[in-house]
Structures are given as C-alpha cells and as structure tokens.
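Please look through the model below before reading on. The paragraphs after it are meant to be read with the structure open.

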Amino acid sequence: MYAFVGAGDLAVAKIREVPARIAELRSEKPAHRKPVRERVADSAADVRDRLGEKFDAVAKDARETYQGPAARGHEVVDRVRGRADEAGQDAKEFAGEVARDAKELAGMAVRDAKGLADKAARDARGAHG
C-alpha cells in the first residue's frame, strides 16, 4: 500500500513539473527547440515511462514480499501436517498397546476368577463332605 501511495505521489510531483517545463521550452530559442507540443508529448511520455518502471518495481517487490512469506507459510503447514501425522501414528500405536494390555489383563482376571471359583467350589465340597 505504501509503495502505491509513493508512486502516486511521484506522479503528482512529475505532473506539477509540467508547467515549469512548458515555460522553459517557450523561453528557449526557436532554432534549438522542437515545437512545444512535441516537447510536452515527449515529457509526458517520459513521465509515463518512469511511472511504468516504478509500478513494475513495486509489483516485483510486492510479488517478492508475498512469495517469501507464502513459501514460509507453506513450509510451516507441511511441518505441522507432518507432526499431526506423526501424532496420529503415535496415538494409533499407543491405542494398540493399551488394547493388548487390556486383553492380557482381562485374560488374567478371568483366569483368577475361575481359579477362585474352583477353589470356592472345592472348599464348599470339603466342608460338606
């Protein structure tokens, strides 16, 4: 935004020079000058060319200014996605470990419960027998 404002200010400054340039052209000797209209047209073309160069430079700077942060942002997103993928894989592995541990503990609990039930049955038979 600042670049465009600066380019606009430059255009205004160059336009303000036109009346003085016209007066200068009128004061020159007729043998050494082009007709005033040609000189004014040449000056206007020169101003347009300079402004075009400034706008091209501003556009190039804007592209470079945009492309640097855009590339960096792309890298950040890729890095975050990679971390998210890693975290997802870690969570999946952890869930698998928890499921295996739970299955093993459930098996142990069933065996323990069966063992206790069998002992209780034996004790009950021994008390009656």
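Predicted model: local features only at pLDDT ≥ 70, side-chain atom pairs only at ≥ 80, totals over all residues.

Residues are numbered from 1 along each chain as its sequence is written, and side-chain values use heavy atoms, with hydrogens and water left out.

The protein contains 2 helices and 0 strands, where helices (H or I, at least four residues) and strands (E, at least two) are taken as DSSP runs and numbered from the N terminus. Helix α1 covers residues 2-27, and helix α2 covers residues 36-128. Of the 129 residues in the protein, 6% are buried; here buried means under 20% relative accessible area, exposed means over 50%, and partly exposed is in between, with a 1.4 Å probe and protein chains only. The protein exposes about 10800 Å², of which carbon and sulfur atoms supply 59%; these accessible areas come from the Shrake-Rupley method with a 1.4 Å probe, and for residues only the protein chains shown count as cover.

Two residues of helix α1 can now be followed. Ala 11 lies in helix α1 and counts as buried because its relative accessible area is 14%. The C-alpha atom of Ala 11 is separated by 6.8 Å from that of Leu 51, although the two residues are 40 apart along the chain. Lys 14, also found in helix α1, is buried as well, since its relative accessible area is 16%. Leaving aside residues up to four places away in sequence, Lys 14 touches Val 47 and Arg 50, a contact being heavy atoms within 4.5 Å.

Where do the salt bridges lie, and how many are counted? A salt bridge is taken as a side-chain nitrogen of Lys or Arg within 4 Å of a carboxyl oxygen of Asp or Glu, and by this rule there are 3. One of them joins the side chains of Glu 17 and Lys 14, at 3.8 Å from N to O; these residues are 3 apart in helix α1, and so are separated by about one helical turn.

Asp 46 counts as partly exposed at 33% relative accessibility, and Arg 50 is partly exposed with a relative accessible area of 39%. A further salt bridge links the side chains of Asp 123 and Lys 119, at 3.5 Å from N to O; both residues lie in helix α2, 4 residues apart, or about one turn of the helix. Asp 123 is partly exposed at 45%, as is Lys 119 at 44%.

The surface also carries a patch of negative charge, in which Asp 85, Glu 86, Asp 90, Glu 93, Glu 97, Asp 101 and Glu 104 gather. Such a patch is made of residues with over 30% relative accessible area and no salt bridge, like charges being joined within 9 Å; Asp and Glu count as negative, and the place of a charge is taken as CG of Asp or CD of Glu. Glu 86, one of these residues, lies in helix α2 and counts as exposed because its relative accessibility is 53%.

How values were computed. Patch = residues over 30% accessible without salt bridge, like charges linked within 9 Å, V, L, I, M, F, W, Y side chains within 5 Å.
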